[in-house]
Amino acid sequence: MDASNKHEDAGKTLEAQAKAFFDSAPPLHNSHKISQDLNHFIQHNSSSLENGEARRIVCVTSGGTTAPLEQRCVRYVDNFSSGHRGATSTEYFLKAGYAVIFLHRRGSFQPFCRSLPDDPLLECFEPTNDLNIQVREAYSEAVKRAYMNHHTAVEGCLLLKLPFSTIFEYLQMLQMIAISMRCVGPRAMFYLAAAVSDYYVPWKDMVEHKIQSGSHLLDVKLVQVPKMLSVLRKDWAPQAFCISFKLETDSSILLNKANAALDKYNMHAVVANELLTRKERVVVVTSAEKITVLRDNSESANDVEDPLIKLLSERHTAYIEDSSR
Ligand code: PMT
């Protein structure tokens with residue numbers, strides 16, 4: 001497979017590349033319903049709380065995007081991410097008082113379901129003598145907790161879950177969310193933990209039907225996905241507090257890459273993590289400092305996302321205060 005960024009888009013400005021990406025993407029199936037749900041969620045969470053302030057809203061992106069190789073897709077290039085970071089962070093954002101838009105890959109980890117087995121429907125239930133079903137004793141607490149927490153968040157209009165699979169769906173939905181969240185101003189946060197495709201096949205260059213397996217060599221040209229982080233900051237939601245992630249497998253380049261991303265995309269912070277230690281340790285890189293955040297190993301139930309979200313929420317408070325001066 002030939003990964004090449006030599007394409008007709010290469011000489012265009014980022015704005016023009018972004019426009020070309022959206023103009024040529026297959027339309028989102030349920031965009032009207034998504035837009036209605038988003039507007040309702042944002043409006044609901046924009047009314048003042050008891051303390052006179054409005055709730056903060058964070059968009060958490062989670063899981064990996066796919067880049068399809070065929071329009072009637074049988075095969076695709078995937079990006080590694082289980083969605084654990086995004087799902088866990090969502091739980092801590094809710095705990096910190098945020099309303100969360102959870103933009104996630106279909107089938108990836110979901111908030112409040114981490115303590116359930118892989119196949120909860122089949123493993124958590126058992127038949128009773130009168131041919132009904134009941135929750136197995138061993139899972140009864142975990143199921144009750146997951147169900148109640150999830151139900152409270154969704155029914156209370158504090159958690160809106162929007163699924164994606166492809167890079168086309170992800171970027172179109174991220175754009176819709178960001179533009180809808182403009183009215184939230186500095187109370188909006190973007191926490192971009194999704195692993196987003198760097199290369200894709202533009203829809204118009206993609207074959208319609210399943211690629212046949214006859215030939216020895218498969219020659220597919222992949223084009224660079226425009227990095228939408230700058231467009232998000234500059235055009236879509238310029239007042240929002242923006243956190244992106246940097247994942248590397250080589251620790252010697254991680255912090256330099258995170259620093260470069262901070263400058264290049266004008267992020268408020270970049271969370272740097274290494275593949276093997278990502279559940280234990282992250283480094284929050286800002287223009288002023290680098291803060292190492294560690295999982296507290298004294299209690300087995302602790303997550304690195306607990307101190308991470310506390311830190312980012314404090315920084316967001318300072319950002320909101322600064323913005324109102
Ligand atoms: O889900 P888990 O298994 O728990 O793993 C969590 C994680 C390792 C996936 C997560 O912590 C993480 O690091 N996510 C970002 C991974 C990544 O793709 O990094 P990157 O260096 O390729 O991208 C950096 C940033 O640019 C990301 O915030 C991404 O959303 C953004 N990006 C990337 C490519 C692209 N075309 N457009 C983008 O906006």
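Buried area is the accessible area, found with a 1.4 Å probe, that two parts lose on being put together, summed over both. With that in hand, we can look at how this protein is put together. The model is predicted, so local features need pLDDT of at least 70 and side-chain atom pairs count only at pLDDT 80 or more, while totals for chains, interfaces and linings use all residues. Residues are numbered from 1 along each chain as its sequence is written, and side-chain values use heavy atoms, with hydrogens and water left out.

## Two domains

The domain assignment gives domain 1 (8-113 + 163-229) and domain 2 (240-325); such bounds come from an automatic or database domain assignment. The C-alpha centres of domain 1 and domain 2 lie 20 Å apart. Their contact (heavy atoms within 4.5 Å) takes 21 residues from domain 1 and 26 residues from domain 2. Between them, the two domains bury about 2,200 Å², and 62% of this is on carbon and sulfur atoms. On the domain 1 side, Arg85, Tyr92 and Pro186 supply 29% of the area buried against domain 2, more than any other three residues.

A salt bridge is a side-chain nitrogen of Lys or Arg within 4 Å of a carboxyl oxygen of Asp or Glu. One salt bridge is counted between domain 1 and domain 2. The side chains of Arg85 and Glu305 meet in a salt bridge, at 2.8 Å from N to O. By the rule above, the count comes to 17 salt bridges. Among them is the pair Asp37 and Lys33, at 2.7 Å from N to O. These two residues are separated by about one helical turn because they are four residues apart in helix 2 (residues 31-46).

## Pockets and a cavity

Rolling a probe the size of a water molecule over the atoms shows where empty space is left. On a 1 Å grid over the protein atoms alone, a cavity is a set of points where a 1.4 Å probe fits but cannot get out, and a pocket is an open set with protein on both sides within 12 Å along at least five of seven lines; lining residues have an atom within 4 Å of a point. Grid points are joined across faces, edges and corners, and a volume is the space filled by probe spheres set on the points. In the table, Ala, Val, Leu, Ile, Met, Phe, Trp, Tyr, Cys and Pro count as nonpolar, Asp, Glu, Lys and Arg as charged, and the others, Gly among them, as polar.

| Space | Volume | Lining residues by kind |
|---|---|---|
| Largest pocket | about 1,200 Å³ | 20 nonpolar, 14 polar, 10 charged |
| Second largest pocket | about 330 Å³ | seven nonpolar, two polar, five charged |
| Largest cavity | about 50 Å³ | three nonpolar, two polar, two charged |

The largest pocket has about 1,200 Å³ of space. Of its 44 lining residues, Ala194, Val196, Lys227, Phe245 and Lys246 are the closest to its centre. Both domain 1 and domain 2 give at least three residues to this lining. Strand 12 (241-248) is one of the elements that supply at least two residues, and strand 12 gives the most, with five. Helices (H or I, at least four residues) and strands (E, at least two) are DSSP runs, numbered from the N terminus.

The second largest pocket has a volume of about 330 Å³. Fourteen residues line this pocket, and closest to its centre are Glu91, Phe112, Arg114, Arg145 and Asn149. Helix 3 and helix 5 (140-155) each give two or more residues to its lining.

There is one cavity of 30 Å³ or more. Its lining consists of Leu254, Ala272, Asn273, Glu274, Thr277, Arg281 and Val283. Strand 13 (269-274) and strand 14 (281-285) each give two or more of these residues, with strand 13 giving the most, three.
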